[in-house]
Amino acid sequence: MKLRSSLRASVALTALATTVLLSLAPLTAFADRAKAMLYVVQDVDLGGAPVQLIVPLAEPGLADSSVTLRPSRAFSALKARSSEAYGNSSLRIDSASKATLVIGNGANADLVVAEVFWTLASMGVTDLSAPPFIQGNVKLDQLTYGAHALMLSPFDLLSFARRDQIPQQAWVILDGVPVPARDAARGMATGAKKLHGPKLRGLLSAAVSAKSKRAKMAVINGVAKPAVRKAYNLKIDLLVPALSDRSLAVRSAALDACISAGAKRNAAVLSGLEKIVENDSDTDLKLRAVKALSKAGVSKYNDLLQAEKLRSGTPAEALSAVRTLAKSKQAKIAAPALVSALTHRDESVRNAAFKGLVAMAQFELLHKALPSGDLAADMKEQIAKTLVAKGGDVARDESLNYLITKGSADGAIFAAQTYGKRGSKAATPLLIAALKHQSPMVRQTAAEALGLIKDERAIVPLADAAQARRRDEEYMMRAAESILKTLSLSQVKRLVKSRNLTIRQMAIRSLAGFAQGSRPNPSVVALLMDALKDPDPTIKRAAVYALADIRDDGIARDLSKLTKDPDTGIRVRVAYALGRATERFAEAGKLLMEMMRDREKTVRVAAIDGIALRKESGAFGPLMRLVNYPDPKIKRAVFAALLALRTPANAQALRMKFRKGMETRDSAVRLVCIQALSDRTVAADIDALRQASFDKSKEVKLSAIAVLAKSKLPEALEVLALWFADANMKVREAALDGLASVPAPGSWAAKKKRYVKDFIGTPGQPKALIAKAKKIK
């Protein structure tokens with residue numbers, strides 16, 4: 001019985017296929033006729049419903065081919081007609097009746113198999129295989145496209161909301177047996193066994209997880225249409241596998257269908273939507289899923305709806321949305337949304353989004369955003385600096401590269417400083433390039449970084465940079481000097497003979513590092529003394545520079561002969577050497593006092609610094625006469641020297657000068673005065689220390705606060721209160737801590753309480769500081 005049933009099915013299928021081909025176009029028997037046909041997919045109107053079916057299409061050139069060549073020529077014509085759908089698919093003709101179809105990557109497998117099957121069947125090819133898309137020979141019931149002879153696939157039935165719309169002569173192949181399409185539709189709707197219902201319902205369920213995209217989309221589109229969904233009793237649960245499909249188009253269509261059908265109270269679908277929110281790679285799809293869940297009563301993702309306001313809301317709404325997203329626990333959606341806000345038209349929104357991403361530790365996303373051409377330059381710089389501190393190795397390296405090559409002057413300085421601290425010679429080429437930066441501070445910082453890295457590849461570029469801009473010469477020299485000191489003495493001696501004048505200078509200056517010790521290296525000193533006689537003034541200056549670094553009285557005596565040298569740079573280095581001479585060279589102090597009257601300010605400053613270093617007491621009177629000198633550099637040196645010359649005998653006279661010095665609007669002078677007044681501070685000093693509250697320097701303020709707190713004088717309380725509203729929170733806190741440490745006897749106790757109350761009432765006071773203030777007794 002099974003054999004007879006199988007034979008009947010085979011006969012019926014063969015008869016039907018023959019009928020179909022006869023109705024479509026001539027078979028192999030009519031191959032010699034003038035027309036040869038391709039069989040292609042086209043939209044056909046069946047009773048008002050558009051259905052894609054295989055239809056015949058004349059191909060005139062094909063008739064000229066021999067019967068044996070016609071299958072391969074036909075395939076070429078099909079491929080040329082739909083190149084995108086076919087991709088790199090190929091066909092191998094194995095015999096007159098057998099062929100193998102190889103589906104290319106990205107090809108529309110459903111369409112290619114259907115068109116090739118029907119076209120080759122009309123040419124006598126009865127055995128077509130298409131591995132791995134279809135195992136074994138391709139059969140009619142494996143095709144997802146019907147033929148215009150009203151041969152429908154089961155999935156085509158979902159195009160008809162009413163069964164009476166299906167043409168009476170249409171058929172569906174089930175298990176190799178043709179079934180009237182209307183009966184198949186009734187079986188699909190009711191599940192009746194006699195009408196192949198279980199089989200058809202099973203096909204629908206399996207299609208959503210199968211390889212065929214057309215079958216998936218047919219089921220999804222059927223569920224999306226209310227009339228079709230009702231006619232075939234389609235459940236929304238069918239779509240759950242499609243919500244996690246590899247194809248974004250399938251996932252998107254499935255989500256739309258779920259939204260259309262309504263997902264409320266359907267646990268399986270709601271779970272699928274939550275997986276989209278949690279795991280999907282497409283941000284827009286995630287947001288649509290969030291909306292669907294919210295509509296279905298699932299509110300735990302509602303804060304992610306704020307992402308939409310970043311696109312369409314006002315700046316105020318966008319800022320509010322950024323703050324909400326920055327606190328969201330759903331970082332997989334919130335973080336990409338915040339990245340999109342980095343390009344918002346409003347600066348406050350951009351900055352808030354950036355701060356949110358940093359707080360969420362989304363450094364990988366920030367790294368991916370860095371190359372974006374839509375980001376403003378200042379935002380890129382913020383991102384790059386953050387990644388240098390907190391990003392991974394690759395992010396840090398790429399960020400430093402960006403800052404030093406494309407960043408602002410501040411960004412390039414930051415990168416150069418970081419490279420210097422890291423000490424990696426891999427950064428040398430970038431730093432060398434930065435020596436040509438238009439900003440002098442960038443050039444200086446790059447040179448300093450090269451000096452720290454100590455890569456000898458930088459010596460020649462540093463020399464070139466020193467020659468290119470005379471103002472850069474000194475720090476280029478210093479950087480090269482640091483590098484040259486890491487070489488051997490023999491290498492440096494060779495460079496002393498270089499034809500490049502700048503490299504010679506650098507090498508000579510670095511020789512001091514090889515002469516240090518209790519007894520200077522005689523060969524190095526001799527080489528420097530020879531250079532001192534060089535007719536070129538730059539070489540002579542370099543020799544003096546190096547000799548001044550060698551702390552030796554004999555060398556200092558030799559250099560003292562140059563106190564009147566016409567070269568200012570030489571006189572500065574001579575003053576430096578004299579200041580470092582020992583007491584045995586007593587004449588050094590006298591020479592320095594004479595140099596205090598030099599015509600050049602830099603020499604006078606160097607002489608005063610030398611006097612301070614030697615503590616030359618004979619200079620006390622002249623220095624006291626200079627305390628009101630208008631030039632700030634001279635004034636700084638004078639006050640520092642006076643502090644060095646302080647003795648119990650002159651302490652009171654100096655204290656008056658230091659109090660007066662606090663009125664000077666120069667942070668360096670004030671720092672010296674604060675240091676002087678820190679020794680045995682008295683109530684009369686408090687008013688002078690008050691001047692520190694007007695200084696812009698945080699260091700000055702903190703130094704003064706420390707002295708006031710250390711004094712333990714109740715008069716200090718009022719001055720400490722001056723910093724309670726300072727812009728710098730560290731200064732505020734230090735002032736508060738200082739006030740807490742100062743005793744308040746008698747009537748001062750009430751004043752202290754009032755100051756604490758004023759601190760607490762200061763607008764914008766941090767909560768942590770307010771809490772600390774409330775603990776002060």
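Predicted model: local features only at pLDDT ≥ 70, side-chain atom pairs only at ≥ 80, totals over all residues.
How many aromatic pairs does a search of the whole structure find? The search finds four.

1. Overall form. The protein has a radius of gyration of 45 Å, whereas a compact globule of 777 residues would have one near 28 Å. Along the principal axes, the C-alpha atoms fill a box of roughly 130 × 75 × 40 Å. The secondary structure consists of 41 helices and 10 strands.

2. Burial, surface and contacts. Of the 777 residues in the protein, 49% are buried. The accessible surface amounts to about 37,600 Å², and carbon and sulfur atoms account for 53% of that surface. When contacts between residues at least 6 apart in sequence are considered, 56% of them join residues at least 24 apart.

3. The aromatic pairs. A pair of aromatic rings is described by the distance of the centres and the angle of the planes. Phe117 and Trp118 are both buried.

4. A pair between two helices. Phe639 and Phe658 form a tilted aromatic pair, with 6.0 Å from centre to centre and 45° between the planes. Because Phe639 belongs to helix H33 (residues 632–644) and Phe658 to helix H34 (residues 651–661), this pair ties together parts that are 19 residues apart in sequence. Both Phe639 and Phe658 are buried.

5. The buried face of H34. Which residues of H34 are buried? They are Leu654, Arg655, Phe658, Arg659 and Gly661. Seen down the axis of H34, these buried residues fall within an arc of 155°, and so they line one face of the helix. Their packing partners are helix H32 (620–624), H33, helix H35 (667–677) and helix H36 (683–689).

6. Charges over rings. Two further arrangements involve an aromatic ring and a charged side chain. Arg573 lies over the face of Tyr545, at 3.8 Å from the ring centre. Lys751 lies over the face of Trp748, at 4.3 Å from the ring centre.

Note on methods. Residues numbered from 1 in each chain as written. Heavy atoms only, no water. Phe/Tyr/Trp six-rings, centres within 6.5 Å; stacked < 30°, edge-to-face > 60°. Buried < 20%, exposed > 50% of the residue type's maximum accessible area, 1.4 Å probe, protein only. Helix = DSSP H or I, 4+ residues; strand = E, 2+ residues; numbered from the N terminus. Lys NZ or Arg CZ within 6 Å of the ring centre and 35° of its normal. Rg over C-alpha atoms; globule rule 2.2 N^0.38 Å. Contact = heavy atoms within 4.5 Å. Areas by Shrake-Rupley, 256 points an atom, 1.4 Å probe, with all protein chains shown as cover. Arc of directions from axis to C-beta.
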